[in-house]
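Subject: Structure handover

Hi,

Here is the structure we talked about. Please open it and keep it on screen while you read my notes below.

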Amino acid sequence: MASWMGRSGACGKRYFEAPDEFALNGANGKDPKTKRPRGIRVIHKPCKGRKGARFTVSKDHQGQRDREDNIKILKMLVNGASINSIQRVLTCPRTGKRAGMSRVYDRIFWLERTLLAFERAQLGKWRKELKRRGVFRHTRIAHDDIVLGINWETSADRRITALNCTASTDIQSGYVLRLDVDFDPRVDPVEVFKDAYLDANRHPKNLLSQYHNSTQSFVAPLLHYQRPTGRFDEAAFFGACQSSLRLFAVQTEDAFGGATLPPDVQQAVADARWFADAAEAVGEGWFGLSEHRRDSRNTFTGIMTRDAYTKAAHLALLKEMLPDGKMTLVSEQEALIARTVPHIFRDDILADRFEWLAIAFDKDATKPKVQHRVGVFRSNLEQFRKSYTGQEISNWEMLELFVEHSMKPATS
């Protein structure tokens, strides 16, 4: 599952205290004040080598030398600038040489990792401070799903791939706590297939299990939640695995232009076709992922995960981020939430510290009907405001009082 939250990593051998401007500093050279090597201060798990150390040099961040350029990129991203506009800003004024598009993306991804790691550390401090003070917090979360249409990698195939994003926001502040996508960029379908379903001698494994009913025992293929690849969209996973291997074989043969392949190349092509046939046999023959259900396109780098896995992982990580207390989750009527919440928030539910408010929307309502309903709501809210005789309160508190007075849950 890809996430907008930063991922923690193991720290290196050299540690630095963080100056105030750590988030956008460069990676190479020496700090002019301390004369120490300048390191990108990306926040990871606390290092064991030095108390309180959280910053380390990481190879991924080399080359981010110019703090001013990074600030320009950040401002342009915040204001919705295009990638081409950012590329023009990075053009060298003396030589007119433009930064490559991959370079632009590298800088954006570096900024994302740095800022999200800083965010994660600040949230951790906030949570610890509330716990130290013994504050009981009632957190109200608005939860929804967003679908993004992504073009596939190849120019020959322009079909759109739908990626589902799961988002959670603090209702009172509007702060987006998490935004997770049902896509894992770390997965190589071919390598995962080999590790999951073939042993060192290329014999199949993890295909069958023994089951029992009231009268007998029997052997059958593993169900999707029992398989090593159960968290992936397996139709896309096996399709991408086969496509990668067969494409490698075809492109390798084409590269030699009809000439006889060297023995080692012949062996590599034969191995690729053998593994592709093995993936087809496992996916279609054992697990019933028929060809018409598979997507033969290869992924950019990674594979889609199941919606249920993404939802469960999102809620579990959300729970880790929030301080102790009560949570109110406000969302649409989602079957996936009903399937995952009782497992993740079991202790909170038993302690009466969790509630789920499921809202139903009239998605077929016409624009005139929606406008009429908005007018009625505003009129009723204004009448309630005029009839209010208590002490002066904010608009937000007035809205809360109005909702509490005028609305009630459909079920309890």
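This is a predicted model: local features need pLDDT of at least 70, side-chain atom pairs count only at pLDDT 80 or more; totals for chains, interfaces and linings use all residues.

In which helix is P342 found? P342 is found in helix α8, residues 335-344. Its place there can be checked against its surroundings. P342 is partly exposed, because its relative accessible area is 39%, which lies between the 20% limit for buried and the 50% limit for exposed. Leave aside the neighbours within four places in sequence, and P342 is in contact with I337 and I349.

One caution before you go on.

**Confidence**

The chain has a mean pLDDT of 79. Of its residues, 78% reach 70 or more. Among the elements, helix α9 (residues 346-350) has the highest mean pLDDT, at 93. The lowest belongs to strand β2 (residues 42-43), with a mean of 40. Two stretches call for care. Over residues 2-30 the pLDDT is below 50. That stretch still has 95 contacts in the model beyond near neighbours in sequence. Over residues 36-46 pLDDT also stays under 50. There the model has 56 contacts beyond four places in sequence.

**The whole chain**

The chain holds 412 residues, and 36% of them are buried. Its secondary structure comes to eleven helices and twelve strands.

Go to helix α4 (residues 189-197) and helix α6 (residues 263-286). Their axes come within 11 Å and cross at roughly 65°. The crossing of α4 past α6 is left-handed. Which residues of α4 make the contact? On the α4 side they are F193, K194 and Y197. On the α6 side they are F275, A278, A279 and V282. By class, this contact of α4 with α6 has six nonpolar residues, one charged residue and no polar ones.

**Two buried side chains to look up**

K311 is found in helix α7, residues 307-321. Is K311 buried or exposed? K311 counts as buried because its relative accessible area is 1%, and the cut-off is under 20%. Look at what surrounds this lysine. Setting aside residues up to four places away in sequence, K311 touches H143, D145, T166, E334, L336, I337 and T340.

A249 is found in helix α5, residues 234-255. With a relative accessibility of 0%, A249 counts as buried. Beyond residues up to four places away in sequence, A249 touches V269 and R273. How many residues apart along the chain are A249 and V269? They are 20 residues apart, and their C-alpha atoms are separated by 5.0 Å.

**Strand pairs**

Start with strand β8 (208-212) and strand β9 (residues 217-221). In which sense do β8 and β9 pair? The pairing is antiparallel, over five bridges. Together β8 and β9 form a hairpin, with four residues between them. For a landmark, find L208, which stands opposite P221 in β9.

Then go to strand β11 (residues 325-332) and strand β12. β11 is mostly covered, with six of its eight residues buried. β11 pairs with β12 (residues 354-359) in the parallel sense, over six bridges. Here the landmark is S331, whose bridge partner in β12 is A358.

**Two positive phi values**

Last, two loop residues. R202 sits in the loop between α4 and β8. Its phi is near 65°, a positive value in a residue other than glycine. R202 is partly exposed, with a relative accessible area of 33%.

D352 lies in the loop between α9 and β12. The phi of D352 is near 60°, again positive in a residue other than glycine. Is D352 buried or exposed? D352 counts as exposed because its relative accessibility is 60%, and the cut-off is over 50%.

Best wishes

Technical notes: Residues are numbered from 1 along each chain as its sequence is written. Side-chain values use heavy atoms; hydrogens and water are left out. Axes are lines fitted to C-alpha atoms, for helices over the stretch in contact, and angles run from 0 to 180 degrees between N-to-C directions. A crossing is left-handed if the near helix is turned anticlockwise from the far one by less than a right angle, and right-handed if clockwise. Contact means heavy atoms within 4.5 Å. Ala, Val, Leu, Ile, Met, Phe, Trp, Tyr, Cys and Pro count as nonpolar, Asp, Glu, Lys and Arg as charged, and the others, Gly among them, as polar. Buried means under 20% relative accessible area, exposed over 50%, partly exposed in between (1.4 Å probe, protein chains only). Two strands pair if DSSP finds at least two bridges between them. pLDDT is the predictor's confidence in each residue, from 0 to 100.
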